[in-house]
Amino acid sequence: MDSASASHASSGGTPSAANAARSRGISAAGALTTSTTALTKDPADTVTVAPLSTGDFAVAWQVTEPTDAIHAAIAHADCSLGSAVDYNGAGSGSGVSTAVGSNDGPHRPSVADNGPSVLYTWITDGTVRASTGTPNGDLTSVDTLLYAPPSGYAVEQARTAAIGAGFGIAVRLAATDGTTGGSIQLVLANAAGQVLSGAPAVISDQTGADFSVGLQGFGRATRADGVTLIAWQQCADGGAGPCTGDMDVYGRAVDATGAPVGSAFEIPTTTAGDQTAPAVAALGSAFAVTWNDDSTGQVVRARVVYVP
């Protein structure tokens, strides 16, 4: 999926080619298989996509006009628009979020599918909110509070993945005073989007105080056996305060129950300069991790990682 400037088909009809989220099919061999298709109409931002058990894709994005909101649509494998995802059941594409937020409106959406259920998550006022639905675009719950951070912290990034029969939401916390360390924690939820009892698993507490850097958050992917790899950027010295040195990329695996496996490990082998903005994809028995690297100029590097 091509995450260009996005929009949502909120007023019916065929989406315009201008100011739209666009999609294009690519074969396993890397060949383009379809022409570019506009999925949405009105201006939006921060597009995310997830494959569905039906063979379709769920696409979600943030809109900022007339107010901040999260919208979504189902796209077919040929990249044509399937249906709008909306909370009123009328097919009008009203969106998956309803609360506007008092300080920080809905933004940074994420979406995952575990077979029968789809979980849409986003951040509003430093908390994680969610809607659940089916792979055909119907919503079963709308804009509920999924996770509120401890006092003195705010959620800066949230990434959702299918884990077990439910979901795992990896949240990156930042101290609201900007001077103390943050952490990455894994919140587990059932298929209905309800948080399971027990404290979230701590993936890393060495992420520093200043990792709220736009879209440069962290990545995650789940293999067919249920193992998930979470990758993030952090200060090279692992310090809790503002980062004044280089940034490195680290990863940690969790098993199909959401329990961390082993310790966090450094992923790049070239570590001079900054390594930032990691993304992860599952590759059968392994994971592919990519990141930005400025050790020898601005380049993108990648590594295949095997974890138990």
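Leaving aside neighbours within four places in sequence, Ala158 is in contact with Ser110, Ile123, Val128, Ile169, Ala170 and Val171, where contact means heavy atoms within 4.5 Å. The model is predicted, with local features requiring pLDDT of at least 70 and side-chain atom pairs counted only at pLDDT 80 or more, whereas totals for chains, interfaces and linings use all residues. Residues are numbered from 1 along each chain as its sequence is written, and side-chain values use heavy atoms, with hydrogens and water left out.

A nonpolar core is here a set of buried Ala, Val, Leu, Ile, Met, Phe, Trp, Tyr and Cys residues joined through side-chain atoms within 4.5 Å; buried denotes under 20% relative accessible area, exposed over 50%, and partly exposed the range in between (1.4 Å probe, protein chains only). In soluble globular proteins, nonpolar side chains tend to be buried together.

In overall composition, the protein chain has zero helices and 21 strands. These elements are DSSP runs numbered from the N terminus (helices, H or I, at least four residues; strands, E, at least two). Of the 308 residues in the protein chain, 48% are buried. Among contacts between residues at least 6 apart in sequence, 46% join residues at least 24 apart.

The structure holds one cavity of 30 Å³ or more, and the volume of the largest cavity is about 40 Å³. A cavity is a set of points, on a 1 Å grid over the protein atoms alone, where a 1.4 Å probe fits but cannot get out, and lining residues have an atom within 4 Å of a point. Grid points are joined across faces, edges and corners, and the volume is the space filled by probe spheres set on the points. The largest cavity is lined by Arg159, Ala161, Ile163, Gly168, Ala170, Leu186, Arg220, Thr228 and Ile230. Strands S11, S12 and S16 (228-235) each supply at least two residues of this lining, and the largest share, three residues, comes from S11. By class, the lining comprises five nonpolar, two polar and two charged residues; Ala, Val, Leu, Ile, Met, Phe, Trp, Tyr, Cys and Pro count as nonpolar, Asp, Glu, Lys and Arg as charged, and the others, Gly among them, as polar.

A search of the whole structure finds four salt bridges, each defined by a side-chain nitrogen of Lys or Arg within 4 Å of a carboxyl oxygen of Asp or Glu. One of them joins the side chains of Glu156 and Arg108 (3.9 Å, N to O). Because Glu156 lies in strand S11 and Arg108 in strand S7 (residues 107-113), the pair ties together parts that are 48 residues apart in sequence. Arg108 is buried, with a relative accessible area of 14%. Another salt bridge is formed by Asp225 and Arg223 (2.9 Å, N to O); Asp225 is partly exposed at 47% relative accessible area, while Arg223 is buried at 6%. The side chains of Arg301 and Asp293 likewise meet in a salt bridge (3.4 Å, N to O). Arg301 is partly exposed, with a relative accessible area of 27%, whereas Asp293 counts as buried at 0%.

Thr134 is placed in the loop between S9 and S10 and is partly exposed, with a relative accessible area of 22%. Beyond neighbours within four places in sequence, Thr134 is in contact with Pro116, Val118 and Thr140. The C-alpha atoms of Thr134 and Asn114, 20 residues apart along the chain, are separated by 9.9 Å.

Note on methods: 1 Å grid on protein atoms, 1.4 Å probe; cavity = no way out; pocket = protein on both sides within 12 Å on 5 of 7 lines; lining within 4 Å.
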